[in-house]
Amino acid sequence: AEDSDADGLRLLAEKLEEFGKAIQTSHFDHGDVSGGNLMVGVDGRIHLIDPDTLRHDEVQDPPITELGHVSCSHPSRSSKAMEDDLFRFPLEVLIVDVIALSKQPELVRKYGNEDSVLFGEDDLANPSDSVLFNMLTNHEDDELRARASRLQDATKATSVIEANSILGP
């Protein structure tokens, strides 16, 4: 974004989509998908690091020691039990971040910081009051506007399960 590489950002959004589809069809899940736990290889492939919250269908869930990064995790995530498809909501946050930056790379200077790409904890905790959500849900780009609106609705959900239902596969 700092280089205003819109094509590279669009490609990154596509790679994040492919990554999400791969997790969705695997027997794995991850409870801490965030910008700091994803690396992009020289070949453009997304690599997930930090196995602390890695889950597999055939292995008992680990104890909950964290609820994911506050700038990506759903605000109503349970601290008592692991929900299914924990990766879905935070991945959508990152995808909307990257799509927004592909349309307006300068947003990184206004909203980005070392803790988040664009969205922050306050945006997710209070989506109706978020200046960023307001701007993105009223954006001229149809794809960005639709995804940001769906993400805002999912953020208002009372559970990860409900949020994932709003986001869809």
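## Nonpolar core

The largest nonpolar core has 36 residues. Leu 16, Phe 89, Phe 119 and Leu 136 make the most contacts inside it. Elements giving two or more residues to this core are α1 (6–25), α2 (88–103), α3 (107–111), α5 (131–137), α6 and α7 (160–167). Helix α2 supplies the largest share, ten residues. The model is a predicted one.

Phe 119 touches Ser 71, Val 93, Val 96, Asp 97, Leu 132, Phe 133, Leu 136 and Leu 151, not counting residues up to four places away in sequence.

## Thr 155

Thr 155 lies in helix α6 (residues 142–155). Its relative accessible area is 4%, so Thr 155 is buried. The Thr 155 side chain reaches the backbone oxygen of Leu 151 at 2.7 Å. Neighbours within four places in sequence aside, Thr 155 contacts His 74, Pro 75, Phe 89, Asp 123, Leu 124, Pro 127 and Phe 133.

## Salt bridges

The structure holds seven salt bridges. One of them joins the side chains of Arg 147 and Glu 92 (2.8 Å, N to O). Arg 147 lies in α6 and Glu 92 in α2, so the pair ties together parts 55 residues apart in sequence. Arg 147 is buried at 11% relative accessible area; Glu 92 is buried at 0%. A network of salt bridges links Glu 17, Arg 88, Glu 92 and Arg 147.

Lys 103 forms a salt bridge with Asp 141, with the closest N and O atoms 3.3 Å apart. This pair links distant parts of the chain: Lys 103 is in α2, Asp 141 in the loop between α5 and α6, 38 residues apart. Lys 103 is partly exposed, at 31%.

Glu 18 and Lys 15 also meet through their side chains in a salt bridge (3.8 Å, N to O). They are three residues apart in helix α1, so about one helical turn separates them. Glu 18 is partly exposed at 45%, and Lys 15 is partly exposed at 22%.

Terms used: Residues numbered from 1 in each chain as written. Predicted model: local features only at pLDDT ≥ 70, side-chain atom pairs only at ≥ 80, totals over all residues. Heavy atoms only, no water. Helix = DSSP H or I, 4+ residues; strand = E, 2+ residues; numbered from the N terminus. Buried < 20%, exposed > 50% of the residue type's maximum accessible area, 1.4 Å probe, protein only. Polar contact = N/O pair within 3.5 Å; in protein donor to acceptor, adjacent residues only side chain to side chain. Contact = heavy atoms within 4.5 Å. Core = buried A, V, L, I, M, F, W, Y, C linked by side-chain atoms within 4.5 Å. Salt bridge = Lys/Arg side-chain N within 4 Å of Asp/Glu carboxyl O.
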